[in-house]
Amino acid sequence: MRADNARRGWTRLGRGLATALARRSETPYARAQRRRERVRDTFLTARDEWRLLLEILIEGETRAVCPAATELEVETYTDELGEPRGRLISILTDEGSADKDEEAVTERISELLDEWSIVTDPDTTEIAFTLAVDVHGSTSDDRS
């Protein structure tokens, strides 16, 4: 039993040593490339999750004012300081546009739109709502 445990310990040590030696013999450039790929994947995943969360918040704030809203027409642009910004163009419902609610919705979502413009594709012109609204006015997430 003791010999078996010792053999397994040496095997683990051997694998760990082999991995460490392989990494040590790797060039700094190769290590940087490998790390770059990991960091980029992590960044893209976080960016996409951030955008999705912002869209849920924008939808919630919009529907608090205009429950019939189905999507927003938006514009992304760069301000005079070079910062990305988002601007509400119109609120769309199944019956058409909800112009009477635009000012109140703009007031509620302007900061969220600015934050959203950082993580979205600059050519994006709409935010389609995906939370299902039931007859009692509560929502459930259909994005999963």
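In β2, G86 is the bridge partner of T76. That bridge belongs to the pairing of strand β1 (residues 69-78) with strand β2 (residues 84-93), which is antiparallel and runs over nine bridges. Strands are taken to pair if DSSP finds at least two bridges between them. The elements themselves are DSSP runs numbered from the N terminus: helices are H or I with at least four residues, strands are E with at least two.

A word on what you're looking at: this is a predicted model, with local features needing pLDDT of at least 70 and side-chain atom pairs counting only at pLDDT 80 or more, while totals for chains, interfaces and linings use all residues. Residues are numbered from 1 along each chain as its sequence is written, and side-chain values use heavy atoms, leaving out hydrogens and water.

**The sheet**

β1 and β2 make a hairpin with five residues between them. In that turn, G82 has a positive phi of about 85°. Next along, a hairpin with two residues joins β2 to β3. β2 and β3 pair in the antiparallel sense too, over two bridges, and here T93 has G96 in β3 as its bridge partner.

Put together, four strands form an open sheet in the order β3-β2-β1-β4, with antiparallel pairing. β3 (96-97) and β4 (126-128) stand at the edges with a single partner strand each, so one side of each has no neighbour in the sheet.

**Helices on the sheet**

Helix α2 (residues 28-65) lies across β1 and β4, at about 120° to β1. Helix α3 (residues 102-119) packs on the sheet as well, touching β1, β2, β3 and β4, and its direction makes about 135° with that of β2. These angles run from 0 to 180 degrees between N-to-C directions, and the axes are lines fitted to C-alpha atoms, for helices over the stretch in contact.

α2 has 38 residues and reaches 55 Å from its first C-alpha to its last, close to the 56 Å expected at 1.5 Å a residue. The expected span is 1.5 Å times one less than the number of residues. Buried residues in α2 are L54, E55, I58, E59, T62 and R63, where buried means under 20% relative accessible area, exposed over 50% and partly exposed in between (1.4 Å probe, protein chains only).

**How α2 meets α3**

The axes of α2 and α3 come within 9 Å and cross at roughly 170°. That makes the two helices roughly antiparallel (over 145 degrees; under 35 is roughly parallel, 65 to 115 roughly perpendicular and the rest oblique). On the α2 side the contact takes in R47, W50, R51 and L54, among others, and on the α3 side the residues include L112, L113, W116 and V119. Contact means heavy atoms within 4.5 Å.

By class, this contact has 14 nonpolar, one polar and six charged residues. Ala, Val, Leu, Ile, Met, Phe, Trp, Tyr, Cys and Pro count as nonpolar, Asp, Glu, Lys and Arg as charged, and the others, Gly among them, as polar.

V119 sits in helix α3 and counts as buried, at 6% relative accessibility. Leaving aside residues up to four places away in sequence, V119 touches R47, W50, R51 and L54. R47, in helix α2, is partly exposed with a relative accessible area of 29%.

T130 is another one to look up, in the loop between β4 and β5 (132-133). T130 is partly exposed, with a relative accessible area of 32%.

Here are two C-alpha pairs, one for each of those spots:

| Pair | Apart in sequence | C-alpha to C-alpha |
|---|---|---|
| V119 and R47 | 72 residues | 6.1 Å |
| T130 and E71 | 59 residues | 8.8 Å |

**The whole chain**

Zooming out, the protein chain has three helices and six strands, and from the N terminus its elements run α-α-β-β-β-α-β-β-β. Of its 144 residues, 23% count as buried. Among contacts in the chain with a separation of 6 or more, 58% come from residues 24 or more positions apart.
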